[in-house]
Amino acid sequence: MLKARILTALVVLPLFLSALFFLQDIFWAIVLLSLTVIGSREWSRLAGFSVKNTIVFMLLTTVIGGELLFQLSESLKTNIYSIELIWVYGLSAAFWIIAVPPYLKQLFTIKQPFILMLIGWIVLLPTCLALYQLRAIGPMLLLGFMATIWISDSAAYFTGRSLGKRKLAPQISPNKTWEGVAGALIAVLIYGLIWDFWFNEQSLAAKLIPLLLFMAILGIIGDLYESLMKRQAGVKDSGNILPGHGGILDRIDALTSSLPFATLALLIFYSSAS
């Protein structure tokens, strides 16, 4: 398993970085939409959709995702900080901040296909748009935000493994601990301080560290939410497209909750500053 994980990472990471920095916008959009549709197939599995509902969900995801990406791409031609689709990021933030924590606490099961489709779109589509708009603003900015989650995940894993005693959510993910959460936040704080030195504009730098810390917290919530969905579906991974890593949702679970919020915060900051 470890060998498969390493080999997959060695193949996927260079491909991702090449796409991030060198693909034309149209091809980047196609990549993102393709990954979103694959994610919708994995979500259908977690939600327990019938074959008919799975096909409908995937087709609607393709149409809605394509239309939103087109609207976003057009608006970004005149202003990369366009707030035309800010409502999508706001909806995502409301879902992860207001709706998900009580859901994780109560551990009830949602069975209505239509509601599960709506949730699937809230999870997938804002992430797709955030990946597109953040890249348009700056590939290094997107990479920096994604690195926040990677650092948080790694620090939580190693801290929890070596020091973890108090379980964070034993009914959802028994291996996660509060010590791991503390390790993640400390690591992100250090990362934010290092990143802070690269900014000359103090008004932005002062807001960077709180944003990164909140992203780390949302990332943990996103991770727990997908773990709960997998537990309720009775599966270990959302899919098997990435050997050793599982599915697309397994790799972006923390990004689905954190990247749209980061985009929302960035757009609010620049719209208020202008």
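**View 1. Leu131, Leu134, Arg135 and Ile137 of α5 meet Pro139, Leu141, Leu142, Phe145 and Met146 of α6.** Contact means heavy atoms within 4.5 Å. The model is predicted: local features need pLDDT of at least 70, side-chain atom pairs count only at pLDDT 80 or more, and totals for chains, interfaces and linings use all residues. Residues are numbered from 1 along each chain as its sequence is written, and side-chain values use heavy atoms, with hydrogens and water left out. Helices are DSSP runs (H or I, at least four residues), numbered from the N terminus. By class, this contact of α5 with α6 has eight nonpolar residues, no polar ones and one charged. Ala, Val, Leu, Ile, Met, Phe, Trp, Tyr, Cys and Pro count as nonpolar, Asp, Glu, Lys and Arg as charged, and the others, Gly among them, as polar. Helix α6 covers residues 139-163, and its axis lies 5 Å from that of α5, at an angle of about 130°. Axes are lines fitted to C-alpha atoms, for helices over the stretch in contact, and angles run from 0 to 180 degrees between N-to-C directions. α5 and α6 are therefore oblique to each other; angles under 35 degrees count as roughly parallel, over 145 as roughly antiparallel, 65 to 115 as roughly perpendicular and the rest as oblique.

**View 2. Helix α3 (residues 51-76) crosses helix α5 (residues 113-137) at roughly 30°.** The two axes come within 10 Å, and α3 and α5 are therefore roughly parallel to each other. The crossing of α3 past α5 is right-handed. A crossing is left-handed if the near helix is turned anticlockwise from the far one by less than a right angle, and right-handed if clockwise. On the α3 side the contact includes Phe57, Leu60, Ile64, Leu68 and Leu72, and on the α5 side Met117, Trp121, Leu125, Leu129 and Tyr132. The contact of α3 with α5 holds 15 nonpolar, six polar and no charged residues.

**View 3. α2 and α3 cross at roughly 155°.** Their axes come within 9 Å, and α2 and α3 are therefore roughly antiparallel to each other. This crossing of α2 and α3 is also described as right-handed. From α2, residues including Ala29, Leu33, Val37, Arg41 and Trp43 meet residues of α3 that include Thr54, Phe57, Met58, Thr61 and Leu69. Seven nonpolar, eight polar and one charged residue make up the contact of α2 with α3.

**View 4. The model has 14 aromatic pairs.** Rings of Phe, Tyr and Trp (its six-membered ring) pair if their centres lie within 6.5 Å; planes under 30 degrees apart count as stacked, over 60 as edge-to-face and the rest as tilted. Phe16 and Trp28 form a tilted pair, because their ring centres are 6.3 Å apart and their planes at 55°. Phe16 belongs to helix α1 (residues 2-22) and Trp28 to helix α2 (residues 25-47), so the pair ties together parts that are 12 residues apart in sequence. Phe16 and Trp28 are both buried; buried means under 20% relative accessible area, exposed over 50%, partly exposed in between (1.4 Å probe, protein chains only). The pair of Phe49 and Phe57 is edge-to-face, because the ring centres are 5.6 Å apart and the planes at 75°. Phe49 counts as buried at 11% relative accessibility, and Phe57 counts as buried at 0%. Ring pairs also link Trp43, Phe95, Trp96, Tyr103 and Tyr225 into a cluster.

**View 5. Ile248 is in helix α9 (residues 248-273).** With 11% relative accessibility, Ile248 counts as buried. Leaving out residues up to four places away in sequence, Ile248 touches Leu35, Ile38, Glu42, Ser238, Ile241 and Leu242. Ser238 is 10 residues from Ile248 in sequence, and their C-alpha atoms are 7.4 Å apart.

**View 6. Ser227 is in helix α8 (residues 202-233).** Ser227 has a relative accessibility of 12% and counts as buried. Apart from residues up to four places away in sequence, Ser227 touches Ile172, Ser173 and Lys176.

**View 7. Ile151 lies in helix α6.** Ile151 has a relative accessible area of 28% and is partly exposed. Ile151 is in contact with Ala187 and Tyr191, leaving aside its neighbours within four places in sequence. Thr109 is 42 residues from Ile151 along the chain, and 31 Å separate their C-alpha atoms.

How values were computed. Helix = DSSP H or I, 4+ residues; strand = E, 2+ residues; numbered from the N terminus.
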